Amino acid sequence: MIDPEYIGHLLLKAGFKTFTLYLFKAIEGKKFTLEKPHDLIFNTFQDIFDGKIKRINFSLCPRSGKTTIAKWFTVWTLTNNPKSNIIYTSYSASLLSEISQDIASILEHPIYKAMFPNKNIQTETIEADPINDFWKDYLLKNDNKSRYSARLIKTYAGGTVLFNAVGSAITGFGAGARDNKTFSGYLLLDDLNKPIDVRSEVLRKKVFTYYTDTLLSRINHSDTPIINIQQRLHVEDITGYLQSKYNFDTLKVPLLDENNNCNLPSQYTPERIKELKIDNYSFMCQYQQEPIVLGGEVIKREWFNYYSANAEYNYKKIVIAADTAMSVKESADRSCLMVGGISENNHLHIIDFIVGRWDYPQLKTHIINLWNKWQRGIGKTSASGLYIENKASGIQAIQEL
């Protein structure tokens, strides 16, 4: 018979994905259902653990296993380093209570204990005050309570996992360790926006303020990762805020890929997808991770049509636009260079574009080559302008070009 501790040793060497899949089956009694996006999700969490990613949005559609994987990442972290300090927050205190109980159950399960003995934990419930009168009134109105109930897991080595709801004060706890020679924890945001509240500008801004004034002050070291996991709910939800204001990388997993194939076929039948599409706003936000403006999108699908490539057009103006990204990683957004021509009847034709994940020298070369190409133009009209978004690698391109 193989020694369970030896199996545990091998699992820690094998990495987060193998660790999770093996123990999930052993403890839950069933296999974790692997779909097309899961390799990328597991690999991204591994990159976080390996110190390659510090700030990341997981923009994931419902039923993608986001909370399950986040729970197991907490188990993985504590198993590797029981001195880790983790803050796990959400809009929902009941969700946090359930997650904390699930994690504690895994850490106390006989199978886990056989593989990783002497990894004892303690759990407790602690009371926390609202940070201000707004959240005090909000808590009283919604939950008929005056104080938040937070959950705490303590490891034998002094590590902690604090589960606290949005609006609650955090005193005496931090994320990560000041001595960060090994991976030592993170701040995890799991559904920071409450769906019923996200259409309120006041409540959206209160969540932003809670992040900037309370959560950011709990980071013990600059390299402590911040992980945001949420399905998109609004163009100005916390994911959009972190992406635009703090330059978070974003891993986006829509329900339907660019070829209209379902990324989670075991969870969604064609009939179910058709049903979800009836509410276009919810489908685009929550399932496609492409939030639109309710009641009047800035860009409407019906504006897009096809034009004949065989016909000859006289263009009044030709311009190039560049939307650049930060990274060449598979989890990162792509950079896009698009050439647009304004026809005589004022239609905008997309007449050329290139897309890819490039480092800065490659991006610069593509921009210069595309500009030179369209100096030849069409007829008497050549490219008269190059527009680059003043973000990400576009900042350097603007300065150099």
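Leaving aside its neighbours within four places in sequence, which residues is F45 in contact with?

The views below come from a predicted model, in which local features need pLDDT of at least 70, side-chain atom pairs count only at pLDDT 80 or more, and totals for chains, interfaces and linings use all residues. Residues are numbered from 1 along each chain as its sequence is written, and side-chain values use heavy atoms, with hydrogens and water left out.

**View 1. Surroundings of F45 in the largest nonpolar core.** Apart from neighbours within four places in sequence, F45 is in contact (heavy atoms within 4.5 Å) with F16, F58, I69, A70, F73, I227 and I229. The core, a set of buried Ala, Val, Leu, Ile, Met, Phe, Trp, Tyr and Cys residues joined through side-chain atoms within 4.5 Å, has 75 residues, of which F45, F58, F73 and I227 touch the most other members. Helix α4 gives the most to this core, with seven residues. A second, separate core of 16 residues includes A322, L337, I367 and A383.

**View 2. Helix α3 and its packing partners.** Helices (H or I, at least four residues) and strands (E, at least two) are DSSP runs, numbered from the N terminus. Helix α3 (residues 38–49) has 12 residues and reaches 17 Å from its first C-alpha to its last, close to the 16 Å expected at 1.5 Å a residue, where the expected span is 1.5 Å times one less than the number of residues. Its buried residues (under 20% relative accessible area, 1.4 Å probe, protein chains only) are H38, I41, F42, T44, F45, Q46, I48 and F49. These buried residues pack against α2 (16–28), β1 (55–60), α4 (66–80), β7 (226–230) and β8 (249–253). Just after α3, G51 takes a positive phi of about 85°.

View 3. Most residues other than glycine have a negative phi. Exposed means over 50% relative accessible area; N144 counts as exposed because its relative accessibility is 65%, and N346 is exposed, with a relative accessible area of 55%.
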